[in-house]
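Hi everyone, thanks for coming. Have a look at the picture on the screen, and I'll talk you through a few parts of it.

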Amino acid sequence: MKKLVTVTSETIIDDLRNVPDIVLVYPLKSFCVGYPLEFAADKVDGLVLVNRILDDNDLDELDCILKNNDFKGIVFDDLGIIDLVKDKDMQKILLLDHLATNTESINYYLEYVDSVVVSNDLTKDEIVNIVSNANKPLVVNVFGLKTLMYSRRLLLTNYQEYYKLNKENVMSANIEDKGFKIVENAYGTKFYASKYYNALELLSLQNVLYFWYDPVLLDDAKIMDVVKYGTMPDNLSDSLFLHRATVYKVGDLDA
Amino acid sequence: MPELLAPAGDFEKLEFAFLYGADAVYFGGQDFSLRANAKNFSWEDIKKATDYAHGLGKKVYVTVNIVFHDKDLDGLEEYLKYLDSINVDGIIASDIVVIKKVLELELHFSVCLSTQASLLNTRALKFWRSLGVTRVVLAREAAREEVKKIKDTGIEVETFIHGAMCTSFSGKCVLSNYITLRDSNRGGCAQICRWDFYVKDKPNLTIMPKDLNMIPFIKDEIALGIDSFKIEGRMRSIYYVATVISCYRKMIDAALNDTLTPELEKYYLNILNRCANRESVPQFYDKLPGVDEQYFNGRIEVSNQDFLGLVLEYDAKNKMVILESRNYFKIGDEVEFFGPNMETFTYRINTIYNDLDEEITVSRHPKNIVKLPVERKIEKNSMMRLKVFDKSEFIV
């Protein structure tokens with residue numbers, strides 16, 4: 001059972017390296033949104049994460065970085081990257097966030113990449129079904145801040161400029177009892193659910209390449225607790241859609 | 001010449017879209033389409049709409065653009081085969097399962113990649129083209145440079161030119177799922193981006209964008225070779241569809257004739273903003289949107305009651321317009337008639353008759369049938385609206 005852990009703190013890297021069966025993935029500087037900490041290419045000694053939607057200029061720049069660095073693998077969102085990495089000897093993992101939600105689509109994408117990250121907008125039954133029927137081992141989110149929205153707009157900058165507030169790149173907000181963590185950088189804004197997505201019960205699944213831990217904005221001690229021991233205070237985590245199915249049409253709410 | 005592509009939430013809106021100048025419409029079936037709360041089209045409706053459009057020499061595109069869960073796939077192949085059998089011109093999709101099935105089943109209609117796929121670069125385009133995609137709607141975040149690069153590959157490009165914007169990259173948002181359990185990528189978006197977010201000890205956070213209009217860049221996009229100008233809004237009224245399509249039809253035609261002036265653009269912009277109750281601005285085409293492209297607290301949305309009536313017929317013998325009223329109007333009001341084949345003209349209401357031919361001073365109730373004496377012939381399905389802007393104020 002291999003764990004893929006996003007490096008979200010510099011001070012935890014050595015501790016994580018000492019945990020067996022862990023692979024680290026580093027948010028690549030200037031190619032990610034939603035991570036307060038990013039890493040220059042020469043600091044990456046594992047997989048590299050590129051979760052931005054890219055234009056052609058970005059892809060040319062990324063192409064140079066890939067040619068000059070020997071990454072073990074790449075986790076990426078933009079399909080344009082398939083063309084960049086198709087002949088490269090590296091692990092290719094497609095992260096489509098909300099768009100990898102059925103077995104057939106995932107199997108189609110698996111013709112081009114080594115693995116796909118299953119969306120965590122799904123229920124446990126849906127995830128189990130997809131993983132069981134996938135043509136290659138998949139990546140399954142088991143812990144982390146759940147992405148709710150990715151905007152190209154600088155929503156915090158605009159808000160702070162409008163109200164003449166001090167600049168903050170990380171904020172919390174809520175609508176009634178639903179909390180959000182919001183992270184902005186020069187490339188856009190991500191809204192996360194404030195409680196950590198906890199799907200550790202999926203750790204027993206087979207046909208999984210990696211179980212992904214994505215502990216954005218979590219302190220080192222809690223990261224180690226959850227990665228090593230699978231423990232996380234209940235009040236900080238939530239299974240979200242794992243046991244709460246979303247509906248197709250509004251009428252379904254009454255069904 | 002670019003196609004003007006209109007939304008059609010139901011058959012009536014489709015008829016109005018074509019009548020007011022659309023070259024093509026897009027709509028969803030009752031399954032597999034975003035905007036699950038629009039009336040949408042049954043299988044029979046889709047055939048009727050396709051036949052109707054083709055009879056006018058126009059086109060229909062069917063949205064098959066939900067992001068599928070496993071259980072939603074039941075019936076998809078049968079549906080796609082049906083669309084092929086009735087000769088729809090194309091589908092709009094983002095989920096690879098739909099696009100691959102069209103290829104594998106060797107279906108004949110065109111496949112347009114939905115904006116849900118967030119396309120911004122030519123390498124991703126290469127991926128989709130290899131699967132048979134022949135037209136793309138770029139991410140609404142595309143700047144001019146990206147639009148040009150993608151168009152220069154020779155693919156057909158469809159761009160949004162008017163309507164509501166998502167705060168997020170389309171397809172990259174599940175705020176609705178989180179707050180309401182309504183799946184935004186399967187047609188249930190509750191538009192959480194238009195709600196207020198509470199922030200402790202600070203003003204509420206709002207993230208709502210103003211609407212999009214591309215009026216200042218119509219000529220530029222025509223020069224780039226854009227193939228289709230798309231209007232957003234399958235949930236909107238016939239008045240909205242008629243007004244927006246009519247304005248853009250006139251602007252595109254004027255641009256092609258080199259008669260589209262800044263003054264004319266300003267006149268149409270005022271009409272469009274009034275019709276939607278919202279300001280509209282260009283968004284990502286020429287810059288990264290900032291404070292001026294968003295709404296913040298304090299915005300008051302007032303229901304628009306400008307649409308006063310729909311022309312049912314013209315009684316040429318008595319020179320009388322027979323009108324189905326939609327909002328309150330009275331003797332003395334200054335109004336405008338606009339329609340598909342006429343110049344908009346101003347009319348002062350001096351006399352109103354009810355359906356019993358009795359003189360009345362006011363029309364209070366929607367759907368009442370009233371008659372107004374008008375000298376010039378006005379075609380069925382023209383509309384009467386409150387006069388707010390005078391074209392002569394804008395045209396020197």
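How many residues of chain A are in contact with residues of chain B? Here, 54 residues of chain A touch 55 residues of chain B, where contact means that the C-beta atoms, placed from the backbone, lie within 7 Å. On the side of chain A that touches chain B, we have 29 nonpolar, 11 polar and 14 charged residues. For those classes, Ala, Val, Leu, Ile, Met, Phe, Trp, Tyr, Cys and Pro count as nonpolar, Asp, Glu, Lys and Arg as charged, and the others, Gly among them, as polar.

Before I go on, a word on what you're seeing. This is a predicted model, where local features need pLDDT of at least 70 and side-chain atom pairs count only at pLDDT 80 or more, while totals for chains, interfaces and linings use all residues. Residues are numbered from 1 along each chain as its sequence is written, and chains are lettered from A and ligands numbered from 1 in the order in which they are written.

Okay, chain A. It has 7 helices and 12 strands (DSSP runs numbered from the N terminus: H or I of at least four residues for helices, E of at least two for strands). Its C-alpha trace spans about 50 × 45 × 40 Å along the principal axes.

Now chain B. It's divided into domain 1 (3–167 + 209–293) and domain 2 (307–394), with bounds from an automatic or database domain assignment. Their C-alpha centres are 32 Å apart. Across that boundary, 14 residues of domain 1 are in contact with 9 residues of domain 2. Which element gives the most to the domain 1 side? That's α10(B), with 7 residues.

So let's look at α10(B), residues 262–276, and its partner α9(B), residues 238–256. They pack at an angle of about 165°, with axes 10 Å apart; the axes are lines fitted to C-alpha atoms over the stretch in contact, and angles run from 0 to 180 degrees between N-to-C directions. The two helices are therefore roughly antiparallel, as angles over 145 degrees count that way.

Who makes the contact? Among them are Tyr240(B), Val244(B) and Met251(B) from α9(B), and Leu264(B), Tyr268(B) and Ile271(B) from α10(B). By class, this contact has 11 nonpolar, 1 polar and 1 charged residues.

Conventions: Angles under 35 degrees count as roughly parallel, over 145 as roughly antiparallel, 65 to 115 as roughly perpendicular and the rest as oblique. Two residues are in contact if their C-beta atoms, placed from the backbone, lie within 7 Å.
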